Amino acid sequence: MTLSLKRPCDEDGPSGRAEGTRPFKRVCAEECPSLLTPVASEEDSTDSPVTSCSRSKPAPELVCGVEMKTHPPRHPSLYFDDGDITLRAESFIFRVHKNKLMKGCRFFEDMLGLKCSDATEKTEDSLSIDVGVIESSWDMTVWLAEIYSDKLVFIGFILRITVNLTLLLRSGYFKELVEGNGLKVAASLFHLADKWDLPEYFFQAKDILVNIFPDNYDEWVTRSPRITTAMAFRAIPICKQYCPHGLPAAYYTASLVHLEVIISGTRDEEGTLLTLSLEDQVAVLRGKLQHCLVRREHTYHGLRGDFTALFNRPHQGKGGLPCRARLSRMYYHLDTIFHYHQGCLDPLPESAVQRLFASVCSTCANMIKDELWIGTRSAWDCVPDMFGLQSWLHVRMDQREIDKLYGDSEEDPC
Ligand SMILES: [Zn+2]
């Protein structure tokens, strides 16, 4: 696994870009003043940049050599009428509060603290800045939403009665973004953390990602139904670069799909094809091949121990057959009970459980339930190893190394 070092602000490249955000190339304002003029895009294309050659009609911003200024729409949630600074991104215009930006992020403190900038133009009563050349609309949305997420709650707390409902609703906008597409928000925050040297965004992004791809079994049980194959495919490179904690769960989810999908890729809800790198395909296939083994050696290993132990105290179950015979039959038919692409963390199908419990005595039924509980946790412990990550301890150590790069100096896990 390759872990990238935190890069200084003045270096950026494709490898530094998280999945789902626009590739960025730092542009010097003095060298390319034309890039400072606002350019409106035809549509929000934060996910799939459109090359100019793919358009059938001429670019609208250049007509007879005269630059036409078209304006993107106001952002539905981050346009405050009482704001005193306007930020133009390619798909949206944001109107926000200078003081809030300066207090909320030291990048804006530095930028807005400068009295004069090539990228700013003073209008009648407010600043107007084209941010389209430095960030995509989506990244700027996440950035501003993050800055505003605290402020509006704070205003609501101080003013209590006078705060209006709109502000309160907007206070949850960052939360809405996270709930709507946490992975994309996390990718954006990782990107902002790296590009503008804002380590606090790294830790926020990590929390969001681990919340989606947990590192303990109980949370996995709760959250796994919401994880799609596309999310896993998208998360794997992000986790490798920033958040190894989430990698086993992402790999595991990816390993539950058909072989063909692992190799040829999957599509997200917008139809974008997501493919795994060759290295990740190998890791996922390696894990997929081990589901059967882990299922036998860990998830349901206890059943084998039980029917062996029952040699010493043979007794009949409810159906007339000895409990031991029922258990051994269950164990030896495990591979036919499960479909080949089902995971080692999948529970026994309900029909199989009912058949088994209907035929063994109550003592054995309780024993089986305990063994299944222990076995599934044992299988969870194996998940990192299935994908070549050794163990959860190694995963945590990898995470600690990355955290340290962003200034977190907690003790190593042990
Ligand atoms: Zn029994």
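A residue counts here as buried if 20 or more other C-beta atoms lie within 10 Å of its own, as exposed if 12 or fewer do, and as partly exposed in between, with C-beta atoms placed from the backbone. By that rule, 37% of the 414 residues of the chain are buried.

Before you start clicking, two notes. This is a predicted model, in which local features need pLDDT of at least 70 and side-chain atom pairs count only at pLDDT 80 or more, while totals for chains, interfaces and linings use all residues. Residues are numbered from 1 along each chain as its sequence is written.

**Stop 1: the whole chain**

Show the cartoon view. The chain has 17 helices and nine strands; these are DSSP runs (helices H or I, at least four residues; strands E, at least two), numbered from the N terminus. Two residues are in contact if their C-beta atoms, placed from the backbone, lie within 7 Å. Among contacts in the chain with a separation of 6 or more, 64% join residues 24 or more positions apart.

**Stop 2: the largest core**

Now select A186, A205, L209, A235, I236, C239 and A250. These residues have the most contacts inside the largest nonpolar core, which has 74 residues. Such a core is a set of buried Ala, Val, Leu, Ile, Met, Phe, Trp, Tyr and Cys residues joined through C-beta atoms within 7 Å. Which helix gives the most to this core? Colour helix α5 (residues 173-195), which contributes 12 residues. At least three residues of the core come from each of domain 1 (1-42 + 67-199) and domain 2 (213-414), with bounds from an automatic or database domain assignment.

Zoom in on A205. Leaving aside neighbours within four places in sequence, A205 is in contact with A186, L189, F190, A193 and Y242. Then move to a second, separate core of 12 residues, which includes L310, L356, M367 and I368.

**Stop 3: a pair of helices**

Select helix α9 (residues 247-254) and helix α11 (residues 278-299). They pack at an angle of about 70 degrees, with their axes 9 Å apart. The axes are lines fitted to C-alpha atoms over the stretch in contact, and angles run from 0 to 180 degrees between N-to-C directions. Since 65 to 115 degrees counts as roughly perpendicular, α9 and α11 are therefore roughly perpendicular to each other. Show side chains where Y251, Y252 and A254 in α9 meet A283, V284 and G287 in α11. By class, this contact has five nonpolar, one polar and no charged residues; Ala, Val, Leu, Ile, Met, Phe, Trp, Tyr, Cys and Pro count as nonpolar, Asp, Glu, Lys and Arg as charged, and the others, Gly among them, as polar.

**Stop 4**

- T272 is in the loop between β8 (266-267) and β9 (273-274). It is partly exposed because it has 14 C-beta neighbours inside 10 Å.
- H71 is in the loop between β2 (66-67) and β3 (74-79). Is H71 buried or exposed? With 10 C-beta neighbours inside 10 Å, H71 counts as exposed. From H71 to S91 is 20 residues in sequence and 8.6 Å in space, C-alpha to C-alpha.
- D197 lies in the loop between α5 and α6 (199-212). Its phi is near 55 degrees, a positive value in a residue other than glycine, and D197 is partly exposed, with 16 C-beta neighbours inside 10 Å.
- Q390 sits in the loop between α16 (362-386) and α17 (392-405). Phi of Q390 is also positive, near 70 degrees, and Q390 is exposed, with 12 other C-beta atoms within 10 Å.

Definitions and conventions. Parallel < 35°, antiparallel > 145°, perpendicular 65-115°, else oblique.
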